[in-house]
Amino acid sequence: MDVPKEQITALLDNNLFSSAQLLGSFLVSSSTVNAETSPHLKAENLILLGDALFRDREYRRAILTYKQALQYYKIIPKQNSTTSRSSLSASNRSSSPNSFNISAINENEVKFKIASCHFALGETKVALVEMEGIPSKARNLQMSLLMAKLYRNTKHNRGAVTCYRECLRQCPYVFEAIIALAELGASAKDIISLFPQTPNRSGRALSDHNDSSRWLQRYVEAQCCIASNDYKGGLELFTELLQRFPNNIHILLEMAKVEAIIGKNDEAVMNFEKVRSIDPYVVTYMDEYAMLLKMKSDYSKLNKLVHDLLSIDPTRPEVFVALSVLWERKDERGALSYAEKSIKIDERHIPGYIMKGNLLLSLKRPEAAVMAFRGAQELRADLRSYQGLVHSYLACSKVKEGLYAAREAMKAMPQSAKALKLVGDVHASNSGGREKAKKFYESALRLEPGYLGAALALAELHVIEGRNGDAVSLLERYLKDWADDSLHVKLAQVFAATNMLQDSLSHYQSALRINPQNEAAKKGLERLEKQMKGVDPDAPEEEEENDVEDADGDQEETDLL
């Protein structure tokens with residue numbers, strides 16, 4: 001033969017994909033291989049070229065080349081085909097598109113490679129059709145995992161569960177399958193029961209309660225806790241695992257993500273910073289970190305984080321969410337386009353939906369925000385998607401729907417003070433429900449005494465009902481234990497409303513000492529200065545720009561509650 005096949009295999013093994021692709025073009029066009037008399041050779045050559053194209057991310061060309069190979073495969077005489085199948089079975093080689101030692105052709109492997117190309121192009125349904133052409137008994141681990149992902153992406157959850165379970169039967173360390181099954185509602189006991197019972201090198205089955213496998217079982221239990229909204233239980237299990245695997249980046253990231261969801265912002269920031277100190281090139285969950293930095297008004301760190309992420313991999317959805325967070329202060333519509341881009345890259349990227357929903361709420365588009373938060377909930381219902389959904393419904397004046405969503409959250413998280421507060425928020429939205437709201441806020445504070453969100457909401461309720469003294473007492477009690485800028489801002493607002501301007505000034509200044517970037521404190525102070533000069537702060541301004549700023553200030557005050 002003019003072009004030896006082992007040379008293209010050597011190029012591929014050395015990741016020289018462009019050269020492999022060019023050599024492959026010589027291989028398939030060689031006049032020494034007659035397609036009519038040697039269709040099996042032609043098919044094998046085309047598969048090699050297809051593999052080179054796949055590795056070079058030329059997925060469309062790879063699909064075409066693989067399909068041409070299948071056409072030649074179909075005209076191989078039956079005897080040759082049988083021989084090819086048996087020789088392949090004996091070699092037991094991998095079905096990955098990255099495997100190149102082709103001594104024979106297996107139609108199922110080629111179909112898998114075609115499906116992998118479609119999956120890489122985001123063509124889920126086409127990939128699924130291709131994979132369904134492979135008999136279930138012929139699927140190996142890689143095929144089962146791809147099949148599971150395709151089923152899940154097309155919302156065929158029952159099929160996804162079956163395929164993920166098959167993955168764990170073959171190998172208990174397929175973490176993607178563990179996490180997915182937990183999110184799809186499987187119990188820890190059910191997942192652990194799938195682990196192979198065959199003895200390992202020590203002669204014991206993996207599912208035995210020995211020390212070497214106990215950590216994996218704890219990991220399964222942690223993921224199942226998080227998936228069922230038992231955040232406290234999940235964090236306790238992850239903390240236990242971290243003692244055995246100190247500085248484990250994956251566990252630190254999982255903990256930080258959960259802490260961000262439940263509002264343990266300081267702990268989450270600390271864990272994210274620890275991850276970046278261990279490995280500054282991690283992109284996973286860094287959009288969650290970006291949201292926390294914005295909440296803390298730490299814009300210098302936020303700028304650096306976004307700059308770092310863009311230099312690491314500008315194609316990841318996390319990067320576009322982080323960009324959205326950064327741009328929110330400057331241009332909310334621009335920020336929205338970045339959030340939408342993150343979803344376009346990965347339709348299952350939950351922070352993209354959360355960010356999009358929050359921006360739409362801020363842009364006074366609550367109906368569209370409902371759709372964004374629903375999108376997040378369909379993927380995985382967590383506290384933030386419930387919060388966004390409730391606030392969106394209230395902004396639409398759909399109190400009944402808001403109450404239903406809040407009660408859903410309470411059922412899903414019966415031990416969550418934040419879920420109780422959500423129900424309180426709905427009742428507080430109308431004058432007839434304020435007494436109920438008060439009870440829910442107080443229950444939330446009994447369950448979690450340090451929950452400032454409930455304290456601020458209860459203080460606002462006191463103010464609305466004219467109990468300014470109760471509001472001040474409550475806030476001052478919390479200030480003894482928590483030096484928080486939001487508490488100072490709320491106290492300043494209460495004092496300003498009761499014409500105690502000097503006290504109000506003192507608390508606005510305290511808030512800005514804690515957080516110089518607190519926009520509510522800045523605008524409140526500006527308003528207070530007008531009051532102290534005897535100017536009506538609510539008098540209409542001549543310039544339109546000031547009207548816009550006041551509207552923004554109102555929105556920020558609402559966010560504080």
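Leu309 is buried, with a relative accessible area of 0%. This residue belongs to helix α17, which spans residues 299–312. The model is predicted. In sequence, 23 residues separate Leu309 from Met286. In space, their C-alpha atoms are 8.3 Å apart.

Val494 has a relative accessibility of 2%, so the residue counts as buried. His462 is 32 residues away from Val494 along the chain. The C-alpha atoms of Val494 and His462 are separated by 10.0 Å.

Salt bridges were examined next. The structure holds 29 of them. One joins the side chains of Glu288 and Arg384, with an N to O distance of 2.6 Å. Glu288 lies in helix α16 (residues 286–295) and Arg384 in helix α22 (residues 383–395). The two residues are 96 apart in sequence, so the pair ties together separate parts of the chain. Both partners are shielded. Glu288 has a relative accessibility of 3% and counts as buried. Arg384, at 12%, counts as buried too.

Another salt bridge pairs Lys294 with Glu328. Their closest N and O atoms are 3.7 Å apart. This pair also links distant parts of the chain, 34 residues apart. Lys294 sits in helix α16, whereas Glu328 is in the loop between α18 (317–327) and α19 (332–345). Lys294 is partly exposed, with a relative accessible area of 24%. Glu328 is buried, at 17%; the value falls under the 20% limit for that class.

Arg467 and Glu465 form a further salt bridge through their side chains. The N to O distance is 2.5 Å. Both residues are partly exposed: Arg467 has a relative accessible area of 24%, and Glu465 has one of 32%. Elsewhere, salt bridges connect Arg152, Glu183 and Arg380 in a network.

Positive charge also gathers on the surface. Arg407, Lys411, Lys436 and Lys439 make up a positive patch there. Two helices, α23 (399–412) and α25 (434–447), each supply at least two of the patch residues. Lys411 is part of helix α23. Its relative accessible area is 70%, so Lys411 is exposed. Patch residues have no salt bridge, so Lys411, as a member of this patch, has none.

The cysteines were then considered. The structure holds zero disulfides. Cys163 is in no disulfide, and its nearest cysteine sulfur is that of Cys167, 7.1 Å away. For Cys167, in turn, the nearest cysteine sulfur is that of Cys163, at 7.1 Å. Cys167 is likewise in no disulfide.

Backbone angles set two lysines apart for attention. Most residues other than glycine have a negative phi. Lys155 has a positive phi, near 65°. This lysine is found in the loop between α8 (141–153) and α9 (157–170). Lys155 is exposed, with a relative accessible area of 62%. Lys364 also has a positive phi, near 60°. The loop that holds Lys364 runs between α20 (350–362) and α21 (366–379). Lys364 is exposed as well, with a relative accessible area of 56%.

Terms used
Residues numbered from 1 in each chain as written. Predicted model: local features only at pLDDT ≥ 70, side-chain atom pairs only at ≥ 80, totals over all residues. Heavy atoms only, no water. Patch = residues over 30% accessible without salt bridge, like charges linked within 9 Å, V, L, I, M, F, W, Y side chains within 5 Å. Areas by Shrake-Rupley, 256 points an atom, 1.4 Å probe, with all protein chains shown as cover. Salt bridge = Lys/Arg side-chain N within 4 Å of Asp/Glu carboxyl O. Lys, Arg positive; Asp, Glu negative; His and termini not counted. Charge placed at Lys NZ, Arg CZ, Asp CG, Glu CD. Helix = DSSP H or I, 4+ residues; strand = E, 2+ residues; numbered from the N terminus. Buried < 20%, exposed > 50% of the residue type's maximum accessible area, 1.4 Å probe, protein only. Disulfide = S-S within 2.5 Å.
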